[in-house]
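Please look through the following structure with this short report beside it. The report takes up a few kinds of side-chain contact, then a sheet, then part of the surface.

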Amino acid sequence: MPNKLSLTLFSLLLLFFLTDSRFITDRSSSVLVSDGVHHDFRGSSVLRLNPFLGSEACEQTYGFMPCTTTALGNLFLLLVYGYLMFLAATYLSSGSELLLEILGPGIIGGLFLPVLGALPDAMLILVSGLSGSTETAQSQVSVGMGLLAGSTVMLLTVIWGTCAVVGKCDLHGSLAVDGKDTRGFSLTGSGVSVDIWTSYAARIMAISIIPFVVVQLPQAVHSTSGRHLAVLIALIISCCLLISYCLYQVFQPWIQSRRLAYAKHKHVISGVLKNLNKQALEKLTTDQGTPDKEVIERLFKTIDLDEDNYLSNSELRALVVGIRLEEINLDEDDAVEKVMKDFDTSGDALIDFDEFFNAIAKWLLEVKSSNIPSLDHFHEQTRREHDLLGNQSDEIVEGVQNPKWTTFKAVLLLLLGTVIAAVFADPLVDAVDNFSNATSIPSFFISFIALPIATNSSEAVSAIIFASRKKVRSASLTFSELYGAVTMNNVLCLSVFLALVYIRGLTWDFSSEVLIIVVVCILTGAFASFRTAFPLWTSLVAFALYPFSLALVYVLDYVFGWS
């Protein structure tokens, strides 16, 4: 619900456009305006316009929203409209989280939440090129491109680096120790680590820049004839990537749970092989690397306590003794069940020697193909693989106490956020354009710096707070959300932008802006795709990319004349 500050600002906004005034002076001037009631006025019979106001009239959005041509007036409007867009983003985020608690992942978590998260940006991009004549749209569309580039760069630089700093823990090898932060600001000994799914999210983000590359190809080869066609092709690719990404998000929880179950299974079996190797007091394989049938048969007879030539559930427990099952959130019964399922190919809940030998031989072959020197190393490797996939034990959510009220509240927040974003997106774009005219600052730089703060601040704050928990799991979710937000910018927001350019026949002239998006996404995506540990020095690189991006656009546009 709106807090006191939002109500106060909104009231000021209402007073601002409901009141009107003129500056009265008795000085002579060549610019005079009669008010029609000068006979009743003691003093000068004319009104003179305030010399501190702009000389040109402004156009009111919707015919009644406040407008001004002065720098301070437009700065005020930027703050008010920006705060309202921040409220819209906050309401959409809060409503999405409530809806996720009720309905869970899948369609809601995979499809609606990413779209709702990008909705404020998409609204601003849409209105930047939708209203007015083609010439006006061509002028204002740079606001949309500034927002698109600014959101991407801010998320992958300032927010990424901040999350790395507040979430840092002591690094041991390629893994951060949960909750342990004793090395201070060591650039190499302190940092964050994430699971493998976060690396996948970074790869998807890197792939999402393909439409930017496609739309830029005609300008790269200095061709003017194929620019409109390139926009259409890039729009089609962007829409296909958007659909593919949403489908991946829908099915990703199922894929993740399957992968995690297999990792647990593999870790249990590797522990069984390790125990068997110790019990045999000799290698389970021959000098040629093949399974030693005689050694495995002696092991089978040792485990078969009742000598009935079958291994039962109770006898299999000897195989899982000593395996640290708590590391993968399994108890002994679960482990025995996994071993039985893997070994018992006949399905009779008993394992004969042939089933036992074939299962052992299969896993020994996998160890050999992994080029791992020993079973101890293989067991340790399977534990690391499980850790990289992440621990889902903390994802269990308690049931919602009042689902009807929670659903109503979620829908209300979503509607309120959507309405605010839809109503105030156009006035905010006009305020950016007017502020640019009043200060002679290019609208791209205003929208690049200011608008992402309004539309992404709630997401940024929640990401930073979540990262401060100093756990691998929280860091993984934080960075995955950042990569996901950038991906939605690169597919959903870009699709809206390309559709505007194509339908309205606008000129695509954003080479420097596209370049910084591609550079930042490629650098971050390539770096995060193939590693899961990020020492503290990586945050310094991320922070440096933000001013570098601004400087690069300025040099390319105003020194080399790319724009």
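The charged end of which residue sits over the ring of F185? The charged end of K168 does, 4.6 Å from the centre of that ring, where a charge counts as sitting over a ring if NZ of Lys or CZ of Arg is within 6 Å of the ring centre and within 35 degrees of the ring normal.

## Basis of the model

This is a predicted model, in which local features need pLDDT of at least 70 and side-chain atom pairs count only at pLDDT 80 or more, while totals for chains, interfaces and linings use all residues. Residues are numbered from 1 along each chain as its sequence is written, and side-chain values use heavy atoms, with hydrogens and water left out.

## Salt bridges

The structure holds three salt bridges, each being a side-chain nitrogen of Lys or Arg within 4 Å of a carboxyl oxygen of Asp or Glu. K168 forms one of them with D181, the closest N and O atoms being 2.9 Å apart; K168 is buried, with a relative accessible area of 5%, whereas D181 is partly exposed, at 29% (buried means under 20% relative accessible area, exposed over 50%, and partly exposed in between, with a 1.4 Å probe and protein chains only).

D181 also forms a salt bridge with K470, with 3.4 Å between the closest N and O atoms. D181 lies in the loop between β2 and β3 and K470 in the loop between α16 and α17, so this pair ties together parts that are 289 residues apart in sequence.

## Aromatic pairs

There are 21 aromatic pairs in the structure, counted where the ring centres of Phe, Tyr and Trp (its six-membered ring) lie within 6.5 Å; planes under 30 degrees apart count as stacked, over 60 as edge-to-face and the rest as tilted. W160 and F534 form an edge-to-face pair, 5.5 Å centre to centre with 85° between the planes. Because W160 lies in helix α5 and F534 in strand β4, the pair ties together parts that are 374 residues apart in sequence (helices, H or I of at least four residues, and strands, E of at least two, are DSSP runs numbered from the N terminus). Both W160 and F534 are buried.

## The sheet

Four strands form an open antiparallel sheet in the order β2-β1-β3-β4, where two strands pair if DSSP finds at least two bridges between them. Within this sheet, the bridge partner of L171 is A176 in β2.
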